[in-house]
Amino acid sequence: MTTIDFKLTRDSFGRLNLTTADGVLHEHVSPVRAFPIQAPLDGLALVNTDGKEVVWIERLEDLPADYAAMVAEELGGREFMPEISRIIDVTSFATPCTWTVATDRGETDFVLRGEEDIRRIGRDALLVSDTHGIHFLIRNQWELDRHSKKILDRFL
């Protein structure tokens, strides 16, 4: 359980500021997830501009609703990881190639440089990186449709 002995506010520029119980102000803190894929709601740190942890939060739901909303909003603006639900097409089975995929944020195309840009995360999940450094998540490769699995098998 997270002990709430701090005050979280936004400054006039919309950045998060944290004041500890002893009155120390930490300006422009940022939330960072410890396990962004496997446990996104567990284990968050609020870090200062030097990247040092100021506060540890066990679970986002432990925070008061207004603090949780501010942290969630900040995370939403900072993290961008579309989740692939279907692989529609690839231009080639040799890399580099362009993938057309359906994600939770709509259909998109991206270029896969090489097979090494598909990394396993645990037993079921995959992380696919495009040439621009955007990470796409396949939460469970076994739940993809047959066509998607067939394409994916060619690259794994």
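**A close look at threonine 103**

Modeller: The side chain of threonine 103 comes to 3.0 Å from the backbone nitrogen of arginine 105, and this side chain also reaches the backbone oxygen of glycine 106, at 2.7 Å. Both are polar contacts, meaning a pair of N or O atoms within 3.5 Å, where within protein one must be able to donate a hydrogen and the other to accept it, and where residues adjacent in sequence count only if both atoms are side-chain atoms. Please keep in mind that this is a predicted model, in which local features need pLDDT of at least 70 and side-chain atom pairs count only at pLDDT 80 or more, while totals for chains, interfaces and linings use all residues. Residues are numbered from 1 along each chain as its sequence is written, and side-chain values use heavy atoms, with hydrogens and water left out.

Threonine 103 lies in strand S8, where helices (H or I, at least four residues) and strands (E, at least two) are DSSP runs numbered from the N terminus. With a relative accessibility of 11%, threonine 103 counts as buried, a word that stands for under 20% relative accessible area, whereas exposed stands for over 50% and partly exposed for values in between (1.4 Å probe, protein chains only). Strand S8, residues 97-103, has 6 of its 7 residues buried, so this strand is largely enclosed by the rest of the structure. Setting aside neighbours within four places in sequence, threonine 103 is in contact (heavy atoms within 4.5 Å) with Pro82, Glu83, Ile84, Ser85, Thr108 and Phe136.

Strand S8 has partners as well, and two strands pair if DSSP finds at least two bridges between them. With strand S7 (residues 84-90), S8 pairs in the antiparallel sense over 5 bridges, and here threonine 103 is the bridge partner of isoleucine 84. These two strands form a hairpin with 6 residues between them. Strand S9 (residues 106-112) is joined to S8 by 7 bridges, again antiparallel, and this hairpin has 2 residues between its strands. Within that pairing, alanine 102 stands opposite glutamate 107.

A nonpolar core is a set of buried Ala, Val, Leu, Ile, Met, Phe, Trp, Tyr and Cys residues joined through side-chain atoms within 4.5 Å, and in the largest one, which has 17 residues, Ile87, Trp99 and Phe155 touch the most other members. At least two residues of this core come from each of S7, S8, S9, strand S11 (125-129), strand S12 (135-138) and helix H2 (146-155).

In helix H2, Ser148, Ile151, Leu152 and Phe155 are buried. Seen down the axis of H2, the buried residues fall within an arc of 100° (taken from the directions from the helix axis to the C-beta atoms), so they line one face of the helix. On the other side of H2, Arg146, Lys150, Asp153 and Arg154 are exposed. Among the elements that cover the buried residues of H2 are S7 and S8, the latter being the strand in which threonine 103 lies.
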